[in-house]
Amino acid sequence: MPNFSRIVLHDSKADAVKRFHPWIFSGAIKKKDTGLREGEIVDVYSDSGEYLATGHYSPGNIAVKIFSFEKVSDIDRLFLEKFQNAYWMRKEIGLAASKQTTCYRLINAEGDGLPGLIVDWYNGTAVLQAYSIGMYEQRSLIVECLQKVYGQDLRAVYDKSASVLPKAQVRAENQYLLGAREDGEVIEYGHRFYVDWEEGQKTGFFIDQRENRSLLAKYVAGKRVLNTFCYSGGFSAYAVKAGASFVCSVDSSAKAIAWAARNVSLNNPGQIPHETSAVDVFDFLKKCDGEYDVIVLDPPAFAKNLSVRHQAVMAYKRLNKLALEKLRSQGILLTFSCSQVVGLDHFKGAVTAAAIELGKPIRVLHHLAQPPDHPVSIYHPEGLYLKGLVLIVG
């Protein structure tokens, strides 16, 4: 049995851990071993001496991120079991080993019992992001687990943690831990996409919008579609393949627009007219003359912390009002928030306020969220970050 350092909680603070919440806040700690370093594995006990959990230590507000609520005798075996369970679940939901979809999320942090770790699968390449020092220090073990789970199907592992780790604590460098760069083409429900995991946002592709892109395809045949904050054109590619009459992709990043154009061309057998615009979305919506039948709003997180939540809510209101004004009668709006600190009620409130100012009949067709390969632990509701609504005007 490994001899990990020890942290003791105030007995009054132990209940949250007993309810399997994976975070321990610094204020819950009564005492701890001296000399603890960031990323160190610690065992957590109540003040009365009861074992509670094991996790990675951090000197920040979230002092421990728990990866086991049972005594750990073998870290390597524990991680492998979690990877195997994650793969099993992706197979159960029809993603792993699918020929129609070759990209999905394998490890979704707390949702898969490994807080601080994201692993996305791109047709033979696994791209990981470690958000904590503790997970970053387990990179060799992560590669071993991936090799055991995927066998010869795994051709490369790319570590893209440099941008998400605390820079003062470690000098991380994005690099291949196994193999080398491949062509980057994947399939999602039969749609072809080029993914640049080295230069793109997050791990390269917004996998979490897969089911919502598929839903969009049901509403666009013969219609004019505007895809804002388009990034690499996921919604646009689905729209042209589903027979939209016209698609416009807008993003402030010229690089994203180039990716969007490439991905639309991969999925545009009918040569549907596709225009792109590398401008600020707010400015585009204010100035554009054309009315659209379908608009997609998928902005980046407007709020990273609670201190700016109110400003973010106001931004969502302004954005949604601008979009609703550009919709034709019986038009459809798909609107999203990926800001974790902006809850569903705040987001719906912002959209509702925009609708009230518009003064038209608006109905909700769908409530949207992240897909099942981005699971949320029932004990960790904070893991639900993606929220969306499909509205019809008139």
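Figure 1. The chain holds 10 helices and 20 strands. Both are DSSP runs numbered from the N terminus: H or I over at least four residues for helices, E over at least two for strands. The radius of gyration is 22 Å, close to the 21 Å that the globule rule gives for 394 residues, so the chain is as compact as a globular protein of that length. That radius is taken over C-alpha atoms, and the rule is 2.2 Å times the number of residues to the power 0.38. Along the principal axes, the C-alpha atoms fill a box of roughly 65 × 50 × 35 Å. This is a predicted model: local features need pLDDT of at least 70, side-chain atom pairs count only at pLDDT 80 or more, and totals for chains, interfaces and linings use all residues. Residues are numbered from 1 along each chain as its sequence is written, and side-chain values use heavy atoms, without hydrogens or water.

**Figure 2. Burial and contacts across the chain.** Of the 394 residues, 54% are buried. Buried means under 20% relative accessible area, exposed over 50%, and partly exposed in between (1.4 Å probe, protein chains only). Take contacts between residues at least 6 apart in sequence: 64% join residues at least 24 apart. A contact needs heavy atoms within 4.5 Å.

**Figure 3. Strand β9, residues 125–130**. 6 of the 6 residues of β9 are buried, so the strand is largely enclosed by the rest of the structure. Thr125, Val127 and Gln129 point one way. Ala126, Leu128 and Ala130 point the other way.

**Figure 4. The two partners of β9, strands β8 and β10**. Strands pair if DSSP finds at least two bridges between them. β8 (residues 117–122) runs antiparallel to β9, joined by 6 bridges. Here Val119 stands opposite Leu128 of β9. The β8–β9 hairpin has 2 residues between its strands, and Asn123 takes a positive phi near 50°. β10 (residues 156–159) runs parallel to β9, with 4 bridges. Val157 in β10 is the bridge partner of Ala126.

**Figure 5. Helix α6, residues 234–241**. This helix is mostly covered, with 7 of its 8 residues buried. The buried residues include Gly234, Phe235, Ser236 and Ala237. Tyr238, Ala239 and Val240 are buried too. Gly243 follows α6 and has a positive phi, near 90°.
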